[in-house]
Amino acid sequence: RESQFVMLLTQFRRRSITFEDLLPLVQCIVDDFPGLTFLREPKVREFIKPYIETVRSRIFYSVSKTWTGRITIPELRQSNLLNIIEELEGMATVNEETNFFSYEHFYVIYCKFFELDCGTKTLDIQDLNEYGDYGLSKRILERVLSKAVRPYSQCAEGEMNYLEFVWFMLAEEEKTTTRSIEYWFRCMDLDGDGVLSMYELEHFHEDFMDRLRRSGHDPYHFKDYLCHLLDMVKPRSPNYITLSDLKRCGHAKIFFNTLLNFNKFCEQEQRDPFATLNKEDPEGDWERYARVEYRSMIQFADDPSVYGDEIYGDAEDPQLMALIATDDEVLA
């Protein structure tokens, strides 16, 4: 089945799928799925393209296991993509499917990008610095905007387009998936040698401690900090941390938040970050985040004074308001 699917999408030219190969598939779903007919209305027709881009980007984020820009037949077999496509036919709303096609998830991602974008349709480090209430360190944002996690980017160094933002947001809001662990590992691997050395850990620690000082807290000495990280990950070598170490330890989320995101680090310090690790949770971090953000955005649509101009500074922008109004009318 997977081989036939690939041959059909590629018109028998290749045995792997590229990003462009997914366009007719997702376009067909948009055209035929009853719950998406509202996208053909004149006032929201312009959102068809970003919705399709979001779905294609999410498919590649989850299904592809390499950084080659292709999905192979074995990777397709290991995924649930084809089963989900078949199940769409029996769904009353596309929001029942949260892996790839949820319009609510698209809504959250696109609105977040729109909040940061200054009209150029790309984000630079100043724009991205505002994400998550300025939580991420400058050094990690510089790496996010490098070619470390964007080997096939068509943007200039230091800029991020919407497709890349989808990956960034998924990786930042759920650091427990294989792809997100790889994403942040590649960002931290400054020399690209496949391991995180003590120098690289200290590089990000310095930036983090500077933020801690400016917030009025006492910084941690790197040796104490390092002992905590090594005890958490338990790497096979005492001299460096590998990608396999992070995937195996089960604490990658805490590890990355401790080094890279000041706000999430502070949240962890106020509670036991290990308390929920072994508990079964049918709703992952991303689904929980998207659900909460979606409800907040819908509340804003009903009452803009809930947030005010500090968050939605350009609340009169017709494109953003059309998206919010349509989602409130059609999906609420």
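**Entry: α11 and α14**

I looked up how helix α11 (residues 198-214) sits against helix α14 (residues 252-260). Their axes come within 8 Å and cross at roughly 55 degrees. I note that axes here are lines fitted to C-alpha atoms, for helices over the stretch in contact, with angles from 0 to 180 degrees between N-to-C directions. Helices are DSSP runs of H or I with at least four residues, numbered from the N terminus.

Next I listed who touches whom, with contact meaning heavy atoms within 4.5 Å. From α11 come L201, F204, H205 and F208. They meet F255, N257, T258, L259 and L260 of α14.

**Entry: ground rules**

I am reading a predicted model, where local features need pLDDT of at least 70 and side-chain atom pairs count only at pLDDT 80 or more, while totals for chains, interfaces and linings use all residues. Residues are numbered from 1 along each chain as its sequence is written, and side-chain values use heavy atoms, with hydrogens and water left out.

**Entry: salt bridges**

How many salt bridges are there? I get 19, counting a side-chain nitrogen of Lys or Arg within 4 Å of a carboxyl oxygen of Asp or Glu.

I took E86 and R1 as one case; their closest N and O atoms are 3.0 Å apart. E86 lies in helix α5 (residues 81-88) and R1 in the segment before α1, so the pair ties together parts 85 residues apart in sequence. I also see a network of salt bridges linking R1, E2, R77 and E86.

R139 pairs with E206, with the closest N and O atoms 3.2 Å apart. R139 is in helix α8 (residues 138-144) and E206 in α11, 67 residues apart.

K264 and E173 meet at 3.3 Å, N to O. K264 belongs to helix α15 (residues 262-269) and E173 to helix α9 (residues 162-173), so this pair joins parts 91 residues apart in sequence.

**Entry: buried or exposed**

I checked accessibility last. Buried means under 20% relative accessible area, exposed over 50%, and partly exposed in between (1.4 Å probe, protein chains only). K264 and E173 are both buried. R1 is partly exposed at 46%. R139 is partly exposed at 25%, and E206 is partly exposed at 41%.

How values were computed:
Helices (H or I, at least four residues) and strands (E, at least two) are DSSP runs, numbered from the N terminus.
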